Amino acid sequence: MLVLAVSAPNGQTDLAAGRVTGRVKLTTKIPGKPLPSTAYPRRTIGDHHPSALPEIRNVVVYIKDALHKGPLPTSRNELLQEHETFIPRTLAITRGSVVSFPNGDPFFHNVFSLSRAGNFNLGRYQRGQTREREFTKAGIVKVYCDIHSHMSATILVFDHPYFTIPDLEGAFELPALPTGEYTIVGWHERVGERSMRIRVEAERPTSVELVVPVPVGDEYE
Amino acid sequence: MKTLTVAFVTVAALLGVVFIVVILSMRNQVRDAVVSNLESTQRLFAAVETRRQQDVRSRAETLADNPTLKAALDTYQSEVQDDATASRADLLETIDLVLENVAARVDSDAIVLVDLHHIALGAAGPMANRWPRSRPVSLVANRTAAGPSGADSFDGVARMGDNLFRVVTVPLLLGDTLIGGLYVATSLDQDYAQELDQLARTRIAIVSDGLVVATTLSPRAALQFESAVAVTQPVDGVIPLDGESHAFRRLVAVGNTVFYALGSVDESSRQAMRDAMRNLALIGMFGISLAGVGSFWLAQTLSDPIKRLSTSLATMAASHDVSSRLPLTGSSLELDTLTETFNALMASVGEAEAETQAAYTGAIRALATALDARDPYTAGHSDRVSVLAVAICRQLNLPAGEIEVVRLGALLHDIGKIGVPDDVLRKPGALSAAEFDIIKQHPTVGARMLRSVPFLSPHIPIVELHHERPDGGGYPNGLRGDDIPLGARIVHVADAYDAMTSARAYRNARPPAEALQELWRCAGTGFHAEIVAALANALPGVTSEPPQGGASRG
């Protein structure tokens with residue numbers, strides 16, 4: 001689970017800082033031209049165990065062009081492998097944070113990644129065991145299981161703390177930002193970035209509404 | 001020979017009729033057969049092709065369910081906005097490696113990985129180079145085949161450069177999410193057409209966008225087919241290609257691409273015709289040889305015996321021989337019955353003939369007797385001459401047939417005297433020259449009489465020439481020596497002997513020995529010596545030696 005360990009700038013600091021709050025709205029509209037869907041039954045076996053978390057919890061809101069000076073807070077996180085899925089599917093961490101991958105299924109799992117930001121393979125291990133890894137490069141790290149080809153998760157590694165995952169209603173609040181103009185992004189693994197420009201002011205919080213056209217569940221078909 | 005000809009002509013006519021009927025019916029039958037063959041080819045092809053596509057797909061799906069491939073594709077797409085080309089090159093290399101693996105396990109011309117926008121990210125297989133990276137693939141698919149069972153909805157045709165590919169699409173899913181697709185591509189080229197041709201045993205033409213892209217037809221036929229069919233793309237039909245009638249049928253249509261199976265009606269009918277002709281020729285040869293054997297047998301059992309019979313009949317007819325009998329041939333019951341009937345008929349004809357002859361002979365004999373009776377002195381003369389002549393014949397060992405001729409001839413020898421008036425014939429004294437001339441006409445008159453009765457013709461020489469003398473002093477022709485027929489010589493001697501031994505009005509009868517003496521005296525001049533000798537031998541109790549030197553003349 002994501003543990004936000006940011007300095008809460010509620011009081012006035014040396015630098016002028018502003019709050020950014022908002023709401024993420026998921027739509028089911030699909031841009032682009034998809035492939036024809038399959039008429040054959042899927043060969044995966046994890047269909048009947050959908051992710052425990054609603055789709056909104058797979059969205060990450062972050063400031064794209066934020067600069068951060070000074071030491072970056074780190075955290076310890078967990079990406080559970082259960083019912084042949086990664087839980088959660090999406091994780092957002094600061095650079096230098098550690099993620100552990102415990103196996104909660106009664107069979108072997110594996111974790112590997114081909115991503116530039118974290119190319120690794122943790123090998124296969126059985127239930128109850130765990131492996132962990134420190135992510136030292138910012139970027140998108142896609143992790144997969146080498147045994148179950150339908151399993152995937154995404155870890156977003158940031159070199160700043162200005163990111164969050166909305167609550168079940170889609171509401172979010174970013175850590176206080178230095179005033180200025182920014183690009184705020186709503187990201188989803190299937191959609192990529194949906195961004196807009198915002199202006200962060202010290203006097204009043206900036207309210208943002210992000211629309212992310214994520215196909216939900218079977219509606220994709 | 002005639003029988004053989006008839007048999008041959010019959011067989012030939014029969015074969016001709018059969019041939020025409022066969023020709024007429026065969027073309028239609030062959031055409032129907034070709035069409036139905038194409039239909040079954042189509043069904044078979046559809047079934048096999050569906051099955052094959054499913055096999056390919058299921059295999060490709062298994063191979064596509066590859067964590068590394070999916071991870072590489074997914075990661076590649078997640079980093080597509082980054083400009084870190086090195087990392088992406090690594091991913092593409094990973095993709096290529098996995099694809100090579102898949103290609104080695106699936107029988108296809110190319111295995112292609114495409115992203116969600118149908119852009120090729122990698123390809124492997126023999127024709128991978130037709131699928132360059134980053135090139136969008138335009139897949140023409142059947143949109144009509146709907147429903148979950150419509151496996152064809154995934155089938156598409158893609159043109160990459162000069163090559164047309166048939167594509168089976170396998171979706172790549174990551175959980176619920178579609179991340180790309182795997183294309184299993186089969187090149188629709190000449191090799192493919194050849195393969196289909198051999199499988200279906202029909203000509204194949206693959207038509208796409210109005211052009212024949214691959215075919216096993218001849219180039220000329222392909223061009224004609226293209227102009228006739230490619231645009232309208234009918235389901236089936238019959239068209240002339242390169243001078244031959246072809247039936248064609250659409251095997252399967254994918255988008256704008258249609259697979260056609262074609263069969264030449266003419267080619268098939270030629271084959272069938274050849275078979276039929278061979279069979280007919282065999283039947284014909286068999287029939288002709290059967291006819292040959294049959295006619296030979298017929299000739300043996302019917303024609304030849306009939307010919308023999310007719311020859312015998314002709315001989316019999318020519319010789320007026322009604323007495324001889326036809327031999328039984330034994331070749332067939334009918335023929336033998338016929339022969340027997342004929343023989344029976346001939347027997348009765350013979351009897352009738354004999355009766356007729358007897359009647360004739362009796363009549364003539366009665367005439368001769370009557371003639372003899374005109375003069376009491378000559379009564380019984382003809383009978384006696386006949387007996388004497390037969391006796392002479394016996395002495396000369398003549399065959400029975402000739403003796404018979406002589407016997408009747410002797411009986412009739414003076415028949416011509418019917419034309420001699422009584423006063424001349426019965427004149428007691430010497431005859432005048434004119435009277436003797438009348439007498440001398442009687443052989444000629446007798447011969448003329450006999451000529452009117454055909455069966456008496458053998459006796460004519462006897463009647464006509466029984467007054468000729470070896471020295472040529474006789475009448476009517478004055479023949480000499482050997483020119484006088486034997487029968488006439490015999491009757492001449494017998495006649496003279498009987499005349500001498502019979503009484504006449506002007507003289508008494510001479511004794512036999514004296515008469516014989518007289519004959520001997522004239523042997524060689526008036527009579528033939530050997531006949532006189534035969535008479536001498538024939539007369540019992542009359543011993544008369546020929547005078548010295550008399551017998552040597554003859």
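**An open sheet and its surroundings**

Mentor: In this predicted model, chain A contains an open sheet of four strands, arranged in the order 13-2-15-16 with antiparallel pairing. Strand 13 (163–164) and strand 16 of chain A stand at the edges; each has a single partner strand, so one side of each is left without a neighbour in the sheet.

The pairings within this sheet can be followed strand by strand. Strand 2 (residues 60–63) of chain A pairs with strand 15 of chain A in the antiparallel sense, over four bridges. A:Ile63 has A:Ile184 in strand 15 of chain A as its bridge partner. Strand 15 (residues 180–188) of chain A is in turn joined to strand 16 (residues 192–200) of chain A by nine bridges, again in the antiparallel sense. Within that pairing, A:Thr183 has A:Arg197 of strand 16 as its bridge partner. Three residues lie between strand 15 and strand 16 of chain A, and the two strands form a hairpin. In general, strands of a sheet pair through backbone hydrogen bonds, either parallel or antiparallel.

The setting of this sheet is a chain with zero helices and 17 strands. Chain A has 221 residues, of which 38% count as buried. Of the contacts in chain A with a separation of 6 or more, 66% are between residues 24 or more positions apart.

Chain A also contains an open sheet of three strands, in the order 3-7-10, with mixed pairing. Its edges are strand 3 (76–78) and strand 10 (132–134) of chain A, each with a single partner strand, so one side of each is left without a neighbour in the sheet. Neighbouring strands of this sheet are turned against each other by 20° on average, direction ignored. Strand 7 (residues 98–100) of chain A pairs with strand 10 of chain A over three bridges in the antiparallel sense. There, A:Ser100 has A:Glu132 of strand 10 as its bridge partner.

Chain B provides a further setting for strand pairing, with 16 helices and eleven strands. Of its 554 residues, 36% count as buried. Among contacts in chain B between residues at least 6 apart in sequence, those joining residues at least 24 apart make up 56%.

Strand 11 (residues 257–264) of chain B deserves attention. Eight of its eight residues are buried, so strand 11 of chain B is largely enclosed by the rest of the structure. B:Thr257, B:Phe259, B:Ala261 and B:Gly263 point one way from this strand, whereas B:Val258, B:Tyr260, B:Leu262 and B:Ser264 point the other way, and all are buried.

Strand 11 of chain B has antiparallel pairings with two strands. Strand 7 (residues 203–208) of chain B is joined to strand 11 by six bridges and runs antiparallel to it; in strand 11, B:Val258 stands opposite B:Val207. Strand 10 (residues 244–254) of chain B also runs antiparallel to strand 11, with eight bridges joining them, and B:Arg250 has B:Tyr260 of strand 11 as its bridge partner. Strand 10 and strand 11 of chain B form a hairpin with two residues between them, and B:Gly255 in the turn has a positive phi of about 55°.

Among the helices of chain B, helix 15 (residues 512–521) has B:Ala515, B:Leu516, B:Leu519 and B:Trp520 buried. Seen down the axis of helix 15 of chain B, the buried residues fall within an arc of 140°, so they line one face of the helix. Helix 14 (486–501) and helix 16 (529–538) of chain B are included in what covers these buried residues.

Finally, a word on confidence. The predictor gives the complex an ipTM of 0.77 and a pTM of 0.57. Chain B averages a pLDDT of 81, and 92% of its residues score at least 70. Where pLDDT is low, the predicted coordinates should not be read in detail.

Key: Residues numbered from 1 in each chain as written. Chains lettered and ligands numbered in written order. Predicted model: local features only at pLDDT ≥ 70, side-chain atom pairs only at ≥ 80, totals over all residues. pLDDT = per-residue confidence, 0-100. Pairing = 2+ DSSP bridges. Buried ≥ 20, exposed ≤ 12 C-beta atoms within 10 Å, placed from the backbone. Contact = placed C-beta atoms within 7 Å. Axes fitted to C-alpha atoms, helices over the stretch in contact; angles between N-to-C directions. Arc of directions from axis to C-beta.
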